[in-house]
Every structure is written in structure tokens, then in C-alpha cells.
Amino acid sequence: MAEPWLLAGRVFTSRLLLGTSRYPDAATLLEAIDASGAEIVTVSIRRMRLQGGTGESILELIPRDRLALLPNTAGCMTAKDAVLTAHLAREALETDWIKLEVIGDDRTLFPDVEQTLRAASELVRDGFQVFAYTNDDPVACRKLADLGVAAVMPLGAPIGSGAGLRNPYNLRIIRELVMDAPVIVDAGIGTASDAARAMELGMDGVLLNTAVAEAKRPAAMARAMRLAIEAGMLAREAGRIPERLYAQASSPVEGLIGT
């Protein structure tokens with residue numbers, strides 16, 4: 001059983017946060033959530049039907065008695081739009097949690113750091129628990145932590161790319177610079193080994209979506225991610241051996257014939 005951890009004033013066991021978009025159907029989504037063991041799921045406010053209309057709302061699918069809902073500002077490209085979306089989410093969903101995304105380019109989907117910092121500052125003042133998605137820039141991450149965000153969320157690679165951790169060195173620096181807030185890798189995870197590596201590097205958790213939603217067997221991949229995160233955490237706590245240039249015999253050489 002994984003050790004509990006504190007996030008935005010609440011205690012959780014799972015360190016996997018799961019997105020809810022791109023699944024082929026509702027049944028597959030729910031199966032993946034169960035297999036992942038996730039206790040927090042994200043939803044896009046700008047792309048969901050909160051109430052009314054026809055069709056099944058995602059809010060009617062997610063069992064909120066056992067899952068924490070993390071609305072996000074996906075699709076926003078200015079601080080003004082992100083702040084407005086966050087306030088709409090708080091009113092509609094009765095939560096102060098918000099995953100802040102302010103995108104600077106609609107092709108690469110890289111965050112706009114200037115607009116992200118501006119929105120984060122305003123939302124923290126307004127009493128939100130801000131989960132701030134940003135570039136893998138140690139300086140930007142440190143600035144967000146100084147603003148008092150609930151979690152700093154550097155990307156591993158561009159959103160939906162499945163490219164894994166493109167800059168593990170920056171992630172290690174971010175972990176060293178940000179000790180007073182959880183650091184959660186968000187975006188770019190492609191397979192279980194990426195998630196395990198993130199935890200080995202010192203991350204507190206992993207948020208992913210496409211890697212599970214677009215897998216051939218989403219529930220199986222969700223379970224793989226769950227186990228990988230647990231394995232990465234255990235490996236980090238166990239302490240890896242130092243890397244060596246040359247071989248070192250694992251069996252004792254004393255007492256060998258002829259010695």
C-alpha cells in the first residue's frame with residue numbers, strides 16, 4: 001500500500017491523477033479510472049456540459065463520493081480567460097480546486113509562462129487551490145511555488161505527444177528548487193516506464209490522459225501506470241546503486257581456486 005500524501009489540504013494514497021477526455025466511450029473511461037486507482041480526475045470546463053442539454057454529462061458519470069474533481073482551464077490562452085473559467089468552475093462545481101492551463105501557442109500547446117504567472121497570482125488571492133501547469137523551466141516553477149500554488153506541474157513533453165520525459169535534468173533541478181510544494185509531472189507521458197522514471201526523479205505524482213485514453217486497451221494501460229508509479233516511488237525510497245563505468249563482480253572473489 002502506497003504511503004499517504006498531502007495535496008491541497010487533503011490526504012490521498014494514489015499519486016496518479018487521470019484525465020477524462022479522448023476515451024472512446026463512457027464505459028471505457030470508468031473502467032480505466034477503476035484500473036488506475038486514481039483518486040483525482042481532471043475535467044475541462046470549456047469542453048464539458050455542466051448541466052442541461054441532451055446527452056450524458058461527465059459529471060453524471062464520475063462518482064464524486066470517492067473521486068476528487070479537478071476542473072481545468074484547458075483551451076484558455078489569456079490570464080483573463082483562465083481566471084473567468086476558474087470562477088465559473090467554482091460556482092458550478094462547488095470546488096476551489098483548479099488546474100490552471102494558459103496556452104501560448106495552439107500548435108505546440110506550450111504554456112504561456114507570463115500569462116500563467118499572472119493568472120496564478122490572481123487565483124491564489126481569490127482563494128483557489130491552484131494546480132499550475134507550466135514548462136519544465138526551473139525558474140518559472142520556483143516563481144509559481146513562491147505565489148503559493150497548491151502544486152507545480154511541469155510538462156514532461158508536449159501535451160498528447162507521448163514523448164516521455166524530454167528533459168529529466170530540468171525536472172531534477174525543479175525538484176531541488178521546489179521543496180515547499182508538490183511537483184507533479186503533467187503531459188507527455190507515453191508509457192509506464194515514463195511514469196516510473198518521473199517518480200524515480202523525485203516527483204510527487206503524475207498526471208496523464210492520452211497515454212491511457214488512446215491505448216489499445218485503456219484499462220490495462222491504466223493499471224500499468226498505477227503499478228509503474230508505485231514501483232518508481234519504491235525504487236526512489238530504496239535508493240539505487242551508483243552508476244559505474246566498469247563492471248563490479250556481484251559474487252565475492254575471495255577463496256577462489258588459485259588465489
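**Loops, rings, cysteines and helices**

At 74% relative accessibility, glutamate 94 counts as exposed, where exposed means over 50% relative accessible area, buried under 20% and partly exposed in between, computed with a 1.4 Å probe on protein chains only. The model is predicted: local features need pLDDT of at least 70, side-chain atom pairs count only at pLDDT 80 or more, and totals for chains, interfaces and linings use all residues. Residues are numbered from 1 along each chain as its sequence is written, and side-chain values use heavy atoms, with hydrogens and water left out.

Glutamate 94 sits in the loop between α3 (79–93) and β6; helices (H or I, at least four residues) and strands (E, at least two) are DSSP runs numbered from the N terminus. Its backbone has a positive phi of about 55°, although glutamate 94 is not a glycine. Most residues other than glycine have a negative phi. Leucine 109 is another residue other than glycine with a positive phi, here near 60°. Leucine 109 belongs to the loop between β6 and α4 (113–125), and its relative accessible area of 29% makes it partly exposed.

Valine 102 is also in the loop between β6 and α4. Is valine 102 buried or exposed? Its relative accessibility is 0%, so valine 102 counts as buried. Along the chain, valine 102 and proline 154 are 52 residues apart, and their C-alpha atoms are separated by 13 Å.

Next come the aromatic rings. A pair of aromatic rings is described by the distance of the centres and the angle of the planes. The rings of Phe, Tyr and Trp (its six-membered ring) pair if their centres lie within 6.5 Å; planes under 30 degrees apart count as stacked, over 60 as edge-to-face and the rest as tilted. The structure holds two such aromatic pairs. In one of them, the ring centres of tryptophan 97 and phenylalanine 131 are 5.0 Å apart and the planes meet at 45°, so the pair is tilted. This pair links distant parts of the chain, with tryptophan 97 in strand β6 (residues 97–100) and phenylalanine 131 in strand β7 (residues 129–134), 34 residues apart. Tryptophan 97 is buried at 7% relative accessibility, and phenylalanine 131 is buried at 0%. Ring pairs join Phe12, Trp97 and Phe131 into a cluster.

Charged side chains also meet rings. A charge sits over a ring if NZ of Lys or CZ of Arg is within 6 Å of the ring centre and within 35 degrees of the ring normal. Arginine 90 lies over the face of phenylalanine 128, at 3.9 Å from the ring centre. Lysine 99 lies over the face of tyrosine 133, at 5.6 Å from the ring centre.

How many disulfides are there? A disulfide is a covalent bond between the sulfur atoms of two cysteines. Taking a disulfide as a pair of cysteine sulfur atoms within 2.5 Å, the count comes to zero. The sulfur of cysteine 76 has its closest cysteine sulfur in cysteine 141, and that is 20 Å away, too far for a bond. Cysteine 76 is buried, at 0% relative accessibility. Cysteine 141 is buried as well, with a value of 0%.

The helices give two packing contacts to look at. Axes are lines fitted to C-alpha atoms, for helices over the stretch in contact, and angles run from 0 to 180 degrees between N-to-C directions. The axes of helix α5 (residues 138–147) and helix α6 (residues 168–177) come within 9 Å and cross at roughly 30°. That makes α5 roughly parallel to α6, since angles under 35 degrees count as roughly parallel, over 145 as roughly antiparallel, 65 to 115 as roughly perpendicular and the rest as oblique. The α5 and α6 crossing is right-handed; a crossing is left-handed if the near helix is turned anticlockwise from the far one by less than a right angle, and right-handed if clockwise.

Helix α7 (residues 192–200) packs with α9 at an angle of about 30°, and their axes are 7 Å apart. Helix α7 is therefore roughly parallel to α9. The crossing of α7 and α9 is right-handed. Helix α9 (residues 218–238) contains alanine 219, which is buried at 16% relative accessibility.
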